[in-house]
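Work through the exercises below with the sequence and the model open. Each task is followed by a solution in steps.

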Amino acid sequence: MSAQTRPQGAVTKTSKCGSGCGCGGGGQCSCKSNCGCSDSMLVQPHFFAGQLLTDEDLQAITNYVVTKQRLHNRFLIGSGVSCGLAVSCHPCDPGTVVVQSGYAIDCCGNEVFVPCPVELDINDLVRELKFRRLGANCGDPCTERLVKPIPRDPEDEKIPLNPRPKTAERYCLYLNYCETPTDPLAPYQHDEDCSAACHPSRIREGYRFELRCPEDEDSYPSILDRIKCCLGRLDDAEAKLGSIERGQVQIHQTRLALKSIDEHAIPFAAAEIAVLAQAEVDLKINANAEFTMLEADIEDIESGNRPKLSEQNFRRTLDDIHRIGVAIASFEMLDASQRKQLLTENKSLAKQIDSARSRLQKLAPAFAKAAPAYLKSPIELAAVETTVANTLKYIDPTLSVADRQTLEASLYAYNAVSSPSFNRQLNQVLQTMRDWLLQRLRDCPPTTECCLAKEVSAILIPIDPNDHQSRIVAFESLTRAFIRYLLDCVCSALIPPCPPCDDPGIKLACLEVSECKIDNICNLERTFLLTQHNLRYWLPFLGWFGTVLERICCEFPKRSDTSIFDVEPQKTSDFFYSGQQLAASFATQPQFTNIMSFIGLSADHVASTIKFGESLGKITTRMPQISAVSSAQAVLSSAGINRLRPSMSAEVPQVTEELLTEVENRVTAASAARLDAIENLHQRATETVSELEKELGKRLVASRLQSTKVIKDLTASLEELQKTNKALVSRLTKLEKANK
């Protein structure tokens, strides 16, 4: 063991500088003690005046510094190739590869630097691999072979039509860190004895290449692995959670229904009247228009054929059946006087109830038969069966008063699904979810919820299907336990473990060798270090982002120094609409409020921040010094010329002259094109005026002179054309002066 390391749990002797043990204390202290400073595996040398230094003391200095650097590389930087070390084919020798210079770090934190390109004879490395694995240069050291067909040349008659494929041996090239003792020196002797052996005075760091057989490497554990451990099979977890979610909906409805029953709330109100008024439209749209096969081809549904209806519309129609059935059942639960009063106040209510009842009695059984074609969850199938059965039962006007006064009838009237079979299914869902959660707690125990397993085991699953209160408590307890477990799983997964180091070799590339020749090389099977250099190389927009910041911080202040009278402001008429709209838009989104409540931030403070940023951005873009572009810059941008940075000051005049020449040529071409366009426009305007004068002379006959309106209109058109002609002549004159 080197001088700087010590295994955990070892006893450390410290100087007596105070009471107790640990840092600054006397006595002995192990790793399991509760002292102020626990021991580490590193020992930092400490010197004092008059100390007799030995070779171990001096070596401890080097070991401490080297070990600290390796720990820094291993746990802060990582392992892999930092740059270079690309493996390429040799230009002349087909059995040789060239490894370019580069830098890498192995998993132990050792730095490997290859200063110049290295040529490697792969055939020699293959023979070395065979001797290392087989003890002789015979056989194939690797079990994996790649079979490749030989390309056939149609002009070569020697190659058969069905050539026997050749085999390509696949290997992987690794880079290893190594140390070599050098510069031996004899120790200093006080007497004349010269028999002392020499010792190396330097340790030269180096590297060596190694060829290995391709193996499946264990991937570094990630946050997804931890979450996968918590959830197990994703499809199984999704099914369990889906059943709990479906059951939770009914549990909440049952809880509200029991509360309403205790408070003697009226089950039939304005909401039920609105449902019955809309019932005919809902059932007609969802069932008759899109679910015609239920009425036309009931035999196909009974035989198991899937109707032509989307799952979304099927679920929506089931909800409509339940909602409308609850409204009718609630009406039938009222006494005779209340029903009579409602029918008197709502003249069309009786007709709406009869129409909805007739449609439900026809469609509900068909939907129950078609449910297995759409729904796969047992709890959803049980809910459909219970909903259809309760709907057909409680919308029946001939049902006795005693049957309408049961707890099951009251639960249905308050929009809850309840029946002995469905309640037993809910109990089964609870039992299955509890067993699954206990299994996950055993396979992947939590790290912060220390008593969660005992709490889950203590949840009582009701046996009686009519024990609604116990079922509600069990559902809420199990749901909270699962959420706690999932949060603990995700939060614990955010803490990354220390990387293992079972193999210090650095994989550079994998290559295929066929008949002592290199077929191809794959360099991307290596692991890269995420250094700043690599990130800037892979993500060039980081450099662009820096350029944008440079322009904002360096160029914008200069542009803001321009007088406001030297630039033309932009016109805008959107005064009220251009106000602070972004924060108000966010405030209307319910997700925004929920997120703010979850993370504990005040929505008003966040809105103020958004308004401040929006106002600052609009103020900046409206400043004419910043939004306006100078004429010279506009010309250069239109010419497609970017700003050049000559490397030498002597090239500046030449580059400037070339730029000015190109700009002058483009301006001259643009001016000539505009002059031609203006001349053509002037000529067409002159011809139009002449034609109008001729047409006016033809139309000014004696019979039409009495129509003064026609004369006035023609005169106004002529004056407008003359103004346009004068404006064109004026613009042409200004352009000619500007061109000169």
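The model is predicted, so local features need pLDDT of at least 70, side-chain atom pairs count only at pLDDT 80 or more, and totals for chains, interfaces and linings use all residues. Residues are numbered from 1 along each chain as its sequence is written, and side-chain values use heavy atoms, with hydrogens and water left out.

**Exercise 1. Describe the protein as a whole.**

Step 1. Count the elements, where helices (H or I, at least four residues) and strands (E, at least two) are DSSP runs numbered from the N terminus. The protein has 25 helices and 13 strands.

Step 2. Take the burial classes: buried is under 20% relative accessible area, exposed is over 50%, and partly exposed is in between, with a 1.4 Å probe and protein chains only. Of the 740 residues, 29% count as buried.

Step 3. Compute the surface by the Shrake-Rupley method with a 1.4 Å probe; for residues, only the protein chains shown count as cover. The protein exposes about 48,700 Å², and carbon and sulfur atoms supply 56% of this area.

Step 4. Look at the contacts (heavy atoms within 4.5 Å). Among contacts between residues at least 6 apart in sequence, 67% join residues at least 24 apart.

**Exercise 2. Classify the packing of α14 against α16.**

Step 1. α14 and α16 pack at an angle of about 30°, with their axes 11 Å apart.

Step 2. Apply the angle classes: under 35 degrees is roughly parallel, over 145 roughly antiparallel, 65 to 115 roughly perpendicular, and the rest oblique. α14 is therefore roughly parallel to α16.

Step 3. Assign the hand: a crossing is left-handed if the near helix is turned anticlockwise from the far one by less than a right angle, and right-handed if clockwise. α14 passes α16 in a left-handed crossing.

Step 4. List the residues that meet. Those of α14 include Asn423, Leu430 and Leu437, and those of α16 include His468, Phe475 and Phe482.

Step 5. Sort the contact by class: Ala, Val, Leu, Ile, Met, Phe, Trp, Tyr, Cys and Pro count as nonpolar, Asp, Glu, Lys and Arg as charged, and the others, Gly among them, as polar. The contact of α14 with α16 has 12 nonpolar, 3 polar and 3 charged residues.

**Exercise 3. Which class of angle do α4 and α14 fall into?**

Step 1. The axes of α4 (residues 234–262) and α14 come within 10 Å and cross at roughly 140°. α4 and α14 are therefore oblique to each other.

Step 2. The hand of the crossing of α4 with α14 is left-handed.

Step 3. Residues of α4 including Ala237, Ile244 and Gly247 meet residues of α14 including Phe422, Val429 and Trp436. The contact of α4 with α14 divides into 8 nonpolar, 4 polar and 2 charged residues.

**Exercise 4. Is Gly78 buried or exposed?**

Step 1. Locate Gly78 in the loop between α1 (55–77) and β3 (80–84).

Step 2. Gly78 is buried, because its relative accessible area is 18%.

Step 3. Leaving aside neighbours within four places in sequence, Gly78 is in contact with Asn73, Ile105 and Leu529. Gly78 and Phe528 are 450 residues apart in sequence and 9.3 Å apart in space, C-alpha to C-alpha.

Conventions:
Axes fitted to C-alpha atoms, helices over the stretch in contact; angles between N-to-C directions.
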